[in-house]
Amino acid sequence: MRKEYVLIAAILLCLAVFAAGGAAGNFPKAALLNGDRGRGAALFTNICSRCHGPMGTDHVLNPGSADGTVPPLGPIDRALFSRDPDTFATRIDPFLQHGSAPEGPNPSLRMLPFGDSGTLSQAQIADAEAYVMGLNGVDRSPIRSLLLAAVSYVILAAALWIAICAALLTQRGKLKR
Ligand code: HEC
């Protein structure tokens, strides 16, 4: 038996499983999904506007917080803003996933952990993020995330294919002897 074939097949199989795990682990996450701004607008009106104001632009009062108001989302804090939609989404995503308490002795309003609590699905969070990005003149372009998904798919398929070929070659090697 060709030990090296078995070893190569095992390594490739591990790589394939690793790639599959990576793909499965990353893709349902909101920041990598292409949210829909229109659906996000409806969500915003129903859920977010009560704290952020109807357009996300109003300085809604937040007694007990250091700022005294809920931060506006349009224009959003420059530290969170990016022209690159993937970067922008990645920066605001933790707020929507895990929530955040503003600085100050006893803020009456806190950002809610919509992801952790399961109040919103990852797809809904992606929609809300697309809306917030839209408020700041950034389009949630589908191209980059789709490209990422396509590249992972190709790598995964190639790894699986090589693993299967290596396994078959190993079998043939066995039969010849
Ligand atoms: C119960 C009130 C409340 C609701 C509802 C709420 N937020 Fe917030 N949100 C806040 C507060 C307060 C902060 C500031 C948190 C901080 O300073 O750490 C915040 C922060 C944020 C931030 C980060 C902005 C920054 O400058 O720090 C984003 C983005 C955001 N919210 C989006 C949303 C979206 C989208 C929704 C609806 C799905 C939503 N929020 C619903 C209260 C709320």
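Colleague: Which helix gives the most to the shell around the ligand?

Modeller: H2 does, with 6 residues. This is a predicted model, where local features need pLDDT of at least 70, side-chain atom pairs count only at pLDDT 80 or more, and totals for chains, interfaces and linings use all residues. Residues are numbered from 1 along each chain as its sequence is written.

Colleague: What puts a residue in that shell?

Modeller: Its C-beta atom, placed from the backbone, lies within 6 Å of the molecule. Around the ligand there are 26 such residues, the closest being Cys 48, Cys 51, Ser 100, Pro 102 and Met 111. Helices H2 (37-52), H3 (85-98) and H4 (122-135) each give two or more residues. A helix here is a DSSP run of H or I, at least four residues, numbered from the N terminus.

Colleague: Why is H3 called oblique to H4?

Modeller: Their axes, lines fitted to C-alpha atoms over the stretch in contact, cross at roughly 120° and come within 10 Å. Angles run from 0 to 180 degrees between N-to-C directions. Under 35 degrees is roughly parallel, over 145 roughly antiparallel, 65 to 115 roughly perpendicular, and the rest oblique. So H3 is oblique to H4.

Colleague: Which residues of H3 and H4 make the contact?

Modeller: From H3, Pro 85, Phe 88, Ala 89, Ile 92, Asp 93 and Leu 96; from H4, Ile 125, Ala 128, Glu 129, Val 132 and Met 133. Contact requires C-beta atoms, placed from the backbone, within 7 Å.

Notes. Contact = placed C-beta atoms within 7 Å.
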